[in-house]
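Dear colleague,

I am handing over the structure below, followed by notes on what was found in it. Please read the notes with the coordinates open beside them.

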Amino acid sequence: MKSFLLAASVVAVCAGAANAEWTPDGPVKMMIGFKAGGGADTLARMLAEDIQSQQGWNLLPVNVDGRGGAIMARELKDSPSDGMTIGVGITDTFAYGHQAMRDPGYAPEDFDFLATLAGTQMGIVAKSDRGWKDLGDVLEAAKAGEEISFGTMTPRLADGAYYIGKVNEVDFSIVSNFSGGQDVLNAINAGDIDIGWVAGPQKAGVVSGDLINLANGEHETLEMSPDTRGLSDFGVDFGFGTTFLVFAPAGLSDEAKAAWSEAIIAAVDNPDSKVRSFIDRLFVAKTLNADEASAYVATEADEALQLLDATAE
Amino acid sequence: MSPNPRRVDLAFGLLGLCLGLATLFVWIPADIDTGVIDTWRRVTRIGDSMLPAFATIGVLLSCLGITVKALTSRANPTWPPLHGSVLCVVAAILAVSIGLMMVTGPILAWVILGPDHPYRALRDDLPWKYTGFLTGGTFLVVALQALATRRIHWRMIGLAFLSTFVIAMIYGLPFEDLLLPPNGDF
Amino acid sequence: MGVLDYVLAGIAEALTGNPALTLGPLVLSWPVLMVCSGFFVGVLIGATPGLSGPFAMALALPILISSFGFTPDALLPVMGFLVGIMKGATVGGAVPAILFNMPGTPDAFMTTLDGYPMAQKGQGRKALRVAQFASVTGDSFSDLVLFVCAPFLAISIELFLGLSEKASLMILSLSFVAVVVGRDSFRGLLAASLGLFVAAIATGADSYPRLSLGSDILAAGLPTIPVIIGVLVVSEILVSLAEMRRETLQARRASVPQNQDARLSWSERRALLPYIGVSMGVGTAIGALPGIGSTLAAALGYTAGRKMHKGAIPFGQGAPEGIASCEAANSSVSGANLIPALSLGIPGNISAVFLILAANSIGGFNPGPSVFRFTADQVNPELVIAFGLFTLMVVANLLNWTTGAGAMRVLGGLVRVPRQILLPIVLLLTITSVYVESGAISDVITLLIFGFIGCLMRWSGVPILPFVIAYILALPLETTIRNAFEASGADPWFLFHGIFSPACLALAVGIVVCSGWLRAGRPAA
């Protein structure tokens with residue numbers, strides 16, 4: 001432990017960063033809002049390893065999954081804002097989730113956003129052997145009377161699934177209890193559900209041909225399958241992509257905020273880091289610093305209102 | 001002197017029934033936000049009350065079974081002795097030893113160093129780090145051994161202190177950043 | 001990656017990943033080191049009168065987690081150590097049964113029937129050899145069945161069962177456990193219901209933590225490891241202390257000089273094989289069902305052996321075949337017991353409870369059907385871990401074959417501390433390791449409170465095992481039911497579609513109702 005601390009201080013000195021004054025004085029608890037083994041989880045754990053090796057800070061990842069990151073947000077909100085507890089999750093939780101829940105138990109103001117990490121590659125995914133070529137085939141099957149279950153992992157994606165059905169006059173059975181895209185993907189692979197949102201972990205399956213992206217949930221084209229039709233082809237003008245970000249309970253000191261923000265962005269921007277190579281495999285790198293991240297969440301929250309209106313009953 | 005075991009079974013079942021009914025009709029509705037089924041924003045889901053409600057129904061059914069069996073069956077169930085008084089003593093011993101673990105360090109530091117030294121700063125340092133654990137742990141081991149064997153002996157105290165010391169070393173040496181059991185942890 | 005690639009990756013991960021010591025080309029990995037030390041600790045603890053495998057696992061788990069941390073690299077060393085303890089304690093448990101006529105666990109009771117008479121005749125060492133040979137054979141066989149069946153079962157479940165079928169299967173397993181464990185099925189059912197209820201406290205999807213009585217302490221949720229260790233191990237210690245106070249100290253038994261010749265010739269081994277064969281079949285079959293553990297297996301194996309036996313020394317008077325029948329049966333339960341744990345996520349016995357607890361606490365490995373997805377395009381890390389775990393079980397078995405007999409002889413006589421001296425120390429160790437793992441005094445208090453709850457349960461005859469299994473299974477079951485309900489489009493009859501799911505539920509109700517009959521066939525052990 002002593003040698004470890006020594007190494008840590010050496011690294012901190014060598015890094016020579018402007019904000020080297022602030023360092024955590026002990027192990028940092030890193031809460032992950034999604035299930036172990038999924039995209040967000042791996043992303044967060046890789047980030048922890050990189051920060052550990054680059055800054056010498058000791059991070060302990062813990063999964064606190066459920067309700068699209070809301071369970072974690074509630075728990076993190078009550079932690080002391082000393083930079084010793086941080087959370088990794090998605091912008092959805094703060095831009096949409098709290099507005100769609102009856103009693104969210106948290107608000108975006110409860111958090112300081114530190115940095116964003118990556119954007120998703122959101123698609124509506126099914127197993128290829130179902131024979132569907134795109135979302136149109138699924139809609140047709142549903143209109144013909146087939147019961148289609150649709151897996152979602154956040155309230156926004158659940159509303160999205162509902163809205164896609166509403167516009168196309170189809171009733172999906174929306175299964176909303178999944179803790180992340182990997183969880184949805186597992187359920188699709190197991191045949192528990194028919195289709196579902198997956199935010200990137202479907203890539204390997206799509207490339208090998210086992211899975212198919214029925215529709216693109218992003219505004220930009222999907223890197224893994226550029227030919228996938230956009231949702232606008234099916235009468236839906238909303239985008240459902242989301243952004244991974246790191247945050248802490250509100251009230252963090254400016255030094256701590258800047259130190260974290262820099263440490264995170266340095267890890268993601270380093271082309272040799274583990275987190276970067278993972279992002280390049282599944283997602284798209286997207287680094288915004290603390291202020292930019294807050295502004296980004298605020299814009300997303302404005303857009304959220306439109307979808308909320310469109311899906312209100 | 002000892003009550004008829006079938007009556008004890010009957011009392012046990014009835015007590016379970018009462019507690020179960022109270023849970024089902026008072027605790028669960030009052031202490032959970034959503035019902036067994038919950039509809040919010042046009043989506044119908046299973047609410048948070050589902051699991052506890054079904055668990056309580058399970059409790060009620062099994063207690064009903066125990067009650068009915070106690071009323072109808074001829075077989076005498078066996079009830080081992082509860083050792084109630086011994087367990088109370090054990091609880092007291094445990095409370096005292098955990099109390100010792102928590103307060104020995106701060107009190108000693110206060111007596112020796114005076115009131116100016118905040119204990120939080122001291123609690124990871126050598127003499128203070130182990131005082132609470134050694135006194136509390138030794139007390140726990142000796143008291144329970146004495147309780148079980150109905151006698152007390154100097155050798156037991158020595159052995160208890162030694163084993164507590166060994167345990168302290170096992171945990172204290174490899175994990176430098178971990179504080180030993182409740183040491184000024186309020 | 002093909003199946004073979006996964007197997008090889010698992011072996012490589014277990015044997016060379018995460019090296020602890022490198023000597024030129026030789027690598028000693030942490031997983032192997034931990035499984036070996038776990039095995040010897042297990043023999044030592046199992047051989048100590050008054051202690052058993054679960055004690056060692058309860059003590060070790062918090063320490064292991066705090067020393068290896070929460071990275072996927074920690075999974076194999078931690079689970080390896082637990083597997084080592086499980087196997088070590090199984091062979092070690094025969095030592096006090098044979099030498100001192102003191103079965104450390106109920107399943108070793110049958111071993112005393114022939115083991116102790118042999119020891120009284122001065123053949124204790126030979127009896128130990130027989131026990132070890134039978135135990136390791138049964139154990140290895142059971143593991144082989146596990147390696148073949150768990151992936152196969154998991155894949156077929158993934159393929160054929162939907163959400164509501166999985167939920168019904170969990171309900172069936174739970175009611176089965178509730179009915180078969182303990183002295184009457186109503187109490188088993190009560191235990192399982194209580195387990196579900198306790199698991200519901202402060203969990204759930206609402207923002208208000210349910211049933212938390214507005215208390216901040218409860219709202220944080222009950223810590224899983226202290227609850228389980230408290231109800232399982234602390235209560236056992238407390239009840240034993242109270243009983244020891246009541247009983248007068250047992251007079252120390254005079255020791256019989258033991259014949260040093262402990263060799264077991266090949267012909268003697270061959271003569272034992274039929275008994276071992278029958279018993280390990282019985283044990284494996286029983287082990288694959290959740291809840292009914294090694295006690296029943298030992299009893300059935302012993303009964304089967306007695307029917308087969310035509311030798312000079314009758315069963316019960318020191319027949320080596322008796323020891324072999326019993327030990328092969330109770331040891332072959334352990335591997336098969338992991339079949340439901342790994343392929344369904346349903347723990348069938350206490351060892352499986354601790355393995356699942358370790359996996360859940362560390363993260364990165366979720367025991368259940370999704371572990372055995374042989375994805376060709378990308379590596380499924382959970383499957384590599386599963387094969388790594390299988391490799392470690394083989395390592396433990398090899399160790400058991402080569403050194404088990406020696407370990408029993410050396411470690412078996414080591415701990416002679418009387419229980420009344422040992423148990424308070426073990427209690428202090430338990431408290432310390434729970435505190436060290438979490439660093440919170442509230443966890444210690446939870447541990448002790450659940451220790452007293454466990455005492456009440458033991459007193460009123462409510463069995464502990466269904467409580468623990470239901471407690472572990474409650475939240476996965478709730479999530480599966482929630483998903484199944486939503487996937488059905490909020491159909492209230494979602495559990496009653498198709499054939500499989502209603503059949504499971506009917507069977508669940510059936511075994512609860514018919515439990516009286518099931519129970520009648522069960523020997524009082």
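**The sheet of chain A**

Strand 4 (residues 111–119) and strand 11 of chain A run antiparallel and are joined by two bridges, where strands are DSSP runs of E of at least two residues and helices are runs of H or I of at least four, numbered from the N terminus. The model is predicted, and local features need pLDDT of at least 70 and side-chain atom pairs pLDDT 80 or more, whereas totals for chains, interfaces and linings use all residues. Residues are numbered from 1 along each chain as its sequence is written, with chains lettered from A and ligands numbered from 1 in the order written.

In strand 11 of chain A, A285(A) is the bridge partner of A118(A). The open sheet has six strands in the order 2-1-3-10-4-11 (chain A) with mixed pairing, two strands being paired if DSSP finds at least two bridges between them. Strand 2 (59–63) and strand 11 (284–285) of chain A each have a single partner strand, so one side of each is left without a neighbour in the sheet.

Chain B has six helices and two strands, which run α-β-β-α-α-α-α-α from the N terminus. Of its 186 residues, 35% are buried, that is, with 20 or more other C-beta atoms, placed from the backbone, within 10 Å of their own.

The contact takes 53 residues from chain B and 49 residues from chain C, residues being in contact if their C-beta atoms, placed from the backbone, lie within 7 Å. Helix 2 of chain B supplies the largest share of the side of chain B that touches chain C, 12 residues.

With best regards

Methods. Two residues are in contact if their C-beta atoms, placed from the backbone, lie within 7 Å. A residue is buried if 20 or more other C-beta atoms lie within 10 Å of its own, exposed if 12 or fewer, and partly exposed in between; C-beta atoms are placed from the backbone.
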